[in-house]
Structures are given as C-alpha cells and as structure tokens.
Amino acid sequence: MTAPVYVVTGASRGLGKNVAELLLAAPILANVVVVARTEAGMKELAEKFPGQVEVVTGDLADYTTGEKAVEAAVAKYGKLDGIVFNAAVIAPVASVATLNIDEFKKLFDINFFSNLVTMKAAIPYLRKTKGHVVFVSSIASHEEHYYAWEAYGSSKACVNHLAATLAVEEPDIFSISVDPGVMDSDMQKEIREKHGERMMESHHEYLTKVKEDGTIASTLGPATVISNLLVKGPMELSGHYHQFDSEILSPYLKA
Amino acid sequence: MIHLFKGLVQIRRISEKSLAIELCGYQQDLTSITFITNLLGMPVVIVTGASRGMGAAMARKLLSAPISAKVVLVARTAEPLKAFADEFPGQVAYLSGDISKDETNVDAVKLAISKFGALDGIVFNAAILDPISAVAKADSAAWKKLYDINFFSMLPALREAIPHLKASKGKVIFVSSGASHHYFYGWGAYGSSKAATDHLAATLAAEEPDIFTFSLDPGVMDTNMQIALRETHGTEMKPSEHERFLSLKTDNALSPPSLPGGVAINLLLKAPKELSGKTLRFSDEKLAEFVDK
C-alpha cells in the first residue's frame, strides 16, 4: 500500500502547518503537497520530512496556484487522496456600511473561488482514490453574526454550501466542513491587533481575554480532527458541517 | 405662500417658472408633489430586477393602492420599467443598467434621494440562475459573474443606502431560495450565492438595529427563471430533480409571483422586529399573517 498523497493549503503556519505535520508523521506518513504564499514554514516541513513534501509557493487568489498543487501531487506521487482547504484570510473586517468592495471580492477569491477551481482540478483524481476533502470553516459561517465579519463569515457560509453540494454531486468523494474554533494562530493575532477597532467591543475583548489568560486553544485539537477526517472520514458524515469538538466528531479528536 | 409646518417649511421662488420647497434641509422641485406625499407616509422603495417575474409583481403591489409607494425600479431592460412609469405617473423613477456594476447600485440609491427625497426600503430581487453545472465542470468565470449579480451587487447598494435607511428606520428584503440550504446537483453557484444572501441579511440586522432585514425564500414560481430551468438546464441536473420542476408546471402547482411577492412587500411594510435578520420560506406558518388573502 503506497503512502497517501494529500494537498494542504495555507500550510506555512498555524492550523495548516499543524495538519501537514500530523499527516507527514507516523502513523500516517503521507506525502504532502503544501501550498502557501510564504515559503519559510513549508521549507521547514520539507527539511523535517525529507522526500515526503512538495512545496508550492503562491497566492491562492491566483486560481492557478491550487491547480498547480493538484498537478504537483499527481506528477510527483502519482495520485491524490485528499485535500485540506485551509488557506483563508480574515480581512476586510468592516461593517457593511463601510466595506471596501474590492477587498471583499479578493477575500472571496482566496476563501471560496480558489477552493472551487482547485476542487474541479482534483475531482478526476479523487474519484479514482475515493478521496476525502476537508474544508476549514468557522462559526462565523452561520451561528454568530459578528459585527464587521460579513466578508469572512459569508465566505465560510459559501464554503459550507460547497462542501454539501460536493457530497451530493460526488458520491465517491468524502466532503466535510469543520469549524476549528478560536485557535492560538497568526489569524487570531491579526484580529486582536489590527481589527479590534472595527469589531464589536465585547467580541474583541473576548478574543483578547482568551489569549491573555492562556485559555485559548492550540491548533492541535482541530488539526487532529481534520487530519483524521481526511484519512478516514466515514461517508455518513459526508456533506456535513460540524464544530471540531462536537459530539459527532469526538471519535476523530483522538490521535 | 404655503406654510405646511410653520417654521419648518419655506417656499422659495428660484426662477420665474419654478418654486422650490425646502424642508429640514431637503430642497425639492414643487412640480412634483412627491415630497409632500412623502410627508404623508408613502414609502420610497428600490426594487431590483423589476422588469418581470417576482420583481414586477412586487413593484406593482407597491405602486398600486393602498400602498401607492414611490419606487425606483432597476433592471437590464428599460421598456417594462417605462411602462410602470407611464401607468403610475409621478410614482416611478427607473434605471436600466447592469447591476453587477457598482455604479448602477449607487445610482439607484442616489435616484431615490434626488427624485423622492428619502429611502425607506430596498427589495434585492435581481438574480440569475446560470450556471447550473456540477463542480466537476464548473466555469469559475461564470460562477463569479453569477456572484457579481446575485451577491456582490448588494454591497455597494447597501453602503450607499445605509445612512438613508438608518434615518428612515428602513427595511431591506432579500429574495433568497430554498437552494440556500438544500443541496441539488448542479446548483452550487446559485445555491451558495443565496446562502451568502441569507448571511448578509442576518449580519446587516446585527450591525444596524434601526434597519429591518429579511431573507425570503419564495419557493417555485411561474416565471421566466422557471422556464429557463425547465427548457435549458435539464441536461446539467439530476433527472429526477429536473422532473420535479417539469411536474410542478404540468400540475399547475407553481405559485404566481404575486403570492410570495405579496409576502415580501407585507414584510417590508410591517417589519416585525422579531423577524429581523431571519430567513424563511414564504409559506412558513410564521409568515401566515403576511400572505394576502
């Protein structure tokens, strides 16, 4: 049985890098194509797991980046078993009354349309391997309507919809959308330090508090769930959206 | 000199032929009595996609008695809009243009203010269905074009409109779809754009407590969009799902657009606070009181 082959986007840091590490390490020992704008974190992975990593550096706002990642997986490793659609941006954080429309559309290019184009390129290969895709989503996609989070939140609502549509269209491909919760990552740092003024004060205070008092979760829990769903998510969960620490996903929280 | 509200209103002679009324800083040409009728409570509402189907049905309900609203109608084709203007003189301003361009949306709001002096509501109705196609065959340019019309277009409209809607405690109705939360083969583009629409309705209500918003699923109606669905899109859909739309037509089970359209307008007028930000199907029991008998 050859090692599974995965693509992970936004893999240079944070949740994406953690997911890639879990996939590369034992017991999974996957070959992983890592995609991000900045090379540094991905080079570290390539050095730590020699021969298992293919680095694709590029901005996902350019749709060919995702296509290149799929092609790289197939060219180097001969197949594709799954994708973790993790790369996303949070800005613009702004009320609808003050939004910059061009920034809003650029966020959609990265958070949503890029996933669509990459998925289209990947489908022929994923059908062959009965592959799995996991989309990283957010509670902002539907439950909470946070002041000034329309761009990010609506893009994640669209991601959830895409995951569910794929499950309907591709019965041989497992597709799921996972809310990873608030994690100690650079995205949260950006929210705290750059976007606080535009947000509702109580929301900003909460996110600042969990960092300051150390209760903020690490990326490990969500990364564990995501990597396990990628490797062995069961078809009865295909098309769903769940929080990573929900009851229904608890079997995948264990390593 | 006419003094409607002593001290608040002044009539000024601007030239030999025209008088202007100035009220609280707004200056209006007296040859249109619209500003005065605004004082009497006729709302000013923008309706997009107003040339036919549900949009035209909603425009008609707004324009007719007893509502007798002032409307700004937006669509790609001018003739049906002009026909409304001819049928309801003094009540209609219209704009034919491409809604995927920011300027069209901004201009619609500006037209409401310049012609009628205020903005009380918007009905975001314009949308396209194309492309119906599986993700495996997705044309990303076509998906983006659909998003430009169905979703992104509402953002510059709202950005321009919000100050006026706050002032008037205005209402925004979004026309959504069951496809926003039910998943059909080939419907990823349209359905996800409506999921985004529902999300926008909720966020806007959360951000602007003075503005009522609602996202209405109008169900399946007897309109041109349905004709396109039956006649053009069958090849890209699951046969059983396409069949359902064909049967609805042959069984005469399609709603006239005035039915869900009526619910939309009644919601806009009554704006029940507890429903602000919500998404519901027009036939939901919670909306029973908003259905025209």
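Helix 5 and helix 7 of chain B each supply at least two residues of the lining of the largest cavity, where helices (H or I, at least four residues) and strands (E, at least two) are DSSP runs numbered from the N terminus. What I am showing is a predicted model, in which local features need pLDDT of at least 70 and side-chain atom pairs count only at pLDDT 80 or more, while totals for chains, interfaces and linings use all residues. Residues are numbered from 1 along each chain as its sequence is written, chains are lettered from A and ligands numbered from 1 in the order in which they are written, and side-chain values use heavy atoms, with hydrogens and water left out.

Let me stay with the cavities. Rolling a probe the size of a water molecule over the atoms shows where empty space is left. A cavity here is a set of points, on a 1 Å grid over the protein atoms alone, where a 1.4 Å probe fits but cannot get out, and lining residues have an atom within 4 Å of a point. Grid points are joined across faces, edges and corners, and a volume is the space filled by probe spheres set on the points. By this rule there are two cavities of 30 Å³ or more.

About 80 Å³ of space lies in the largest cavity, and its lining includes B:Phe124, B:Asn125, B:Ile149, B:Asn150, B:Lys194 and B:Thr197. By class, that lining has six nonpolar, five polar and one charged residues; Ala, Val, Leu, Ile, Met, Phe, Trp, Tyr, Cys and Pro count as nonpolar, Asp, Glu, Lys and Arg as charged, and the others, Gly among them, as polar.

The second largest cavity has a volume of about 50 Å³, and among the residues lining it are B:Ile46, B:Val74, B:Thr104, B:Ala108 and B:Ala157. Which element gives the most to this lining? That is helix 4 of chain B, with four residues, although strand 4 (44–48) and strand 7 (121–124) of chain B also supply at least two residues each. The classes here come to eight nonpolar, three polar and no charged residues.

Now to the place where the two chains meet. Taking contact as heavy atoms within 4.5 Å, 40 residues of chain B and 42 residues of chain A take part. Together the chains bury about 3,200 Å², 70% of it on carbon and sulfur atoms, buried area being the accessible area (1.4 Å probe) that two parts lose on being put together, summed over both. In chain B, the residues losing the most area to chain A are B:Val135, B:His199 and B:Glu207, together 22% of what that side buries.

How many salt bridges are there between chain B and chain A? The count is two, a salt bridge being a side-chain nitrogen of Lys or Arg within 4 Å of a carboxyl oxygen of Asp or Glu. B:Lys144 forms a salt bridge with A:Asp109, with the closest N and O atoms 2.7 Å apart. Helix 5 (140–152), helix 6 (154–168) and helix 7 (188–207) of chain B each supply at least two residues of the side that touches chain A, and helix 7 gives the most, with twelve residues. That side of chain B divides into 23 nonpolar, ten polar and seven charged residues.

Over all chains, the structure holds 20 salt bridges. In chain A, A:Lys17 forms one with A:Glu44, the closest N and O atoms being 2.7 Å apart. A:Lys17 lies in helix 1 (residues 14–24) and A:Glu44 in helix 2 (residues 40–48) of chain A, so the pair ties together parts that are 27 residues apart in sequence.

Finally, some backbone details. Most residues other than glycine have a negative phi, and most peptide bonds are trans. A cis peptide bond joins A:Ala26 and A:Pro27, with omega about 5°, and A:Pro27 lies in the loop between helix 1 and strand 2 (31–36) of chain A. A:Leu29, which is not a glycine, has a positive phi of about 50°.

Terms used. On a 1 Å grid over the protein atoms alone, a cavity is a set of points where a 1.4 Å probe fits but cannot get out, and a pocket is an open set with protein on both sides within 12 Å along at least five of seven lines; lining residues have an atom within 4 Å of a point.
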